[in-house]
Amino acid sequence: MRVLRNYLKLGVGALVAVSGCEFDSTQNPAFGCDACQAPDRCVDGFCVRNAAGPSEGGQAGEDGTACKPGKSELCYEGPEGSDQHPPCRSGRRTCSAAGTFGACGGQVVPVDETCNDLDDDCDGTTDEQLMREAQVCVAGSFVCATSSTSVPELCDGADNDCDGEIDEGFDVDRDREHCGGCGLACAETEACCGGACTELANDEQHCGACGKQCIRGTTCCGGACVDTSTDASHCGECGQRCAGAMSCCGGTCVDTQTDRDHCGAFCLNCATGESCCFGTCADLDSFQHCGSCERACAVNELCCSGDCSPTACE
Ligand SMILES: [Ca+2]
Ligand SMILES: [Ca+2]
Ligand SMILES: [Ca+2]
Ligand SMILES: [Ca+2]
């Protein structure tokens with residue numbers, strides 16, 4: 001009965017005891033692996049059919065039973081021996097209820113070496129043979145190999161040409177490729193003004209050029225400061241062009257030759273009773289505009305209530 005209980009504790013899986021196993025019988029003297037026979041293996045004192053040993057990666061056997069459920073052990077998936085060199089280290093894995101090992105948690109395996117004062121590839125040497133331009137990696141940082149080496153300066157926060165100046169020649173206030181900082185490129189239509197990307201076509205602070213500010217009441221349209229209340233090309237808003245001979249009065253396109261509310265170049269509002277005749281406010285009872293704008297009286301006539309009269313008005 002004791003033997004049977006031990007089998008059941010292993011959970012799902014066809015665990016069988018056969019004769020002849022010589023592995024690890026010390027772990028469970030009461031039910032050792034004395035009866036095990038290859039290819040079956042002894043795992044934690046139990047004979048398991050076709051089980052790979054934990055030290056061989058813990059792969060499940062063909063019947064899915066590679067380990068004792070609940071068992072936890074060290075693991076490592078990097079090249080053999082590399083876990084001896086920090087920061088690489090082994091992790092731990094746990095056997096699931098189904099009898100297979102889960103992922104190896106907490107392990108650190110080798111990666112490419114970078115200049116950081118760490119032995120990233122865990123070969124026992126830190127930052128070995130790392131170079132950048134004229135610089136070599138020393139104590140986790142790139143420094144110039146020789147003081148006379150000349151290489152182009154890059155915008156990268158480093159003194160690439162080893163002349164003692166960092167990123168000289170790059171003006172992050174005006175450089176469209178490095179606006180406000182290295183690598184911060186502006187869009188194609190933008191300029192870099194004071195370290196910020198902007199559209200010169202419609203920026204009141206930088207209209208047409210960096211620093212060119214539009215005065216109060218004007219708007220930046222296409223890179224020019226305009227008054228949209230009077231500009232016939234940008235009437236009311238940028239790009240709204242008045243048709244034909246129309247003028248812009250108060251942001252609205254009107255015909256200032258005839259509009260009595262917007263008469264003439266100054267968009268005058270004509271007085272009550274007056275009309276707008278050819279851009280001038282006029283009384284239609286006048287000699288020049290008698291009854292209508294187009295009608296002027298003859299030299300010997302007078303305008304009487306909108307009619308030209310050869311005699312004095314009654
Ligand atoms: Ca290394
Ligand atoms: Ca390194
Ligand atoms: Ca430099
Ligand atoms: Ca640089």
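Biologist: What makes S5-S6-S7 an open sheet, and how do its strands pair?

Modeller: This is a predicted model, in which local features need pLDDT of at least 70, side-chain atom pairs count only at pLDDT 80 or more, and totals for chains, interfaces and linings use all residues. Residues are numbered from 1 along each chain as its sequence is written, while chains are lettered from A and ligands numbered from 1 in the order in which they are written. Now the sheet: 3 strands lie in the order S5-S6-S7, with antiparallel pairing. Strands S5 (131-132) and S7 (141-144) are the edges, because each has a single partner strand and so one side without a neighbour in the sheet.

Biologist: Why are S6 and S7 called paired, and how many bridges join them?

Modeller: Pairing takes at least two bridges found by DSSP between two strands. S6 (residues 135-138) and S7 have 4 and run antiparallel, so they pass that cut-off. In one of these bridges, Val-136 has Val-143 of S7 as its partner.

Biologist: What counts as a strand, anyway?

Modeller: A DSSP run of E, at least two residues; a helix is a run of H or I, at least four residues, and both are numbered from the N terminus. On that basis the chain has 1 helix and 17 strands.

Biologist: What makes S14 and S15 a hairpin, and which residue is in the turn?

Modeller: They have 2 residues between them, and Phe-278 in the turn shows a positive phi of about 55 degrees. S14 (residues 274-277) and S15 (residues 280-283) run antiparallel, joined by 4 bridges. Cys-276 sits opposite Cys-281 in S15.

Biologist: Why is Thr-198 called partly exposed?

Modeller: Buried needs 20 or more other C-beta atoms within 10 Å of the residue's own, exposed means 12 or fewer, and partly exposed is in between, with C-beta atoms placed from the backbone. Thr-198 has 19 such neighbours, so it counts as partly exposed. Thr-198 belongs to strand S9 (residues 196-198). Across the chain, buried residues make up 21% of the 314 residues.

Biologist: Which residues does Thr-198 touch?

Modeller: Contact means C-beta atoms, placed from the backbone, within 7 Å. Leaving out residues up to four places away in sequence, Thr-198 touches Glu-190, Ala-191, Cys-193, Asp-203 and His-206.

Biologist: What is the mean pLDDT of the chain?

Modeller: pLDDT is the predictor's confidence in each residue, from 0 to 100. The mean is 81, and 77% of the residues reach 70 or more. Residues 1-32, though, have pLDDT below 50, and so do residues 50-65.

Conventions. Contact = placed C-beta atoms within 7 Å.
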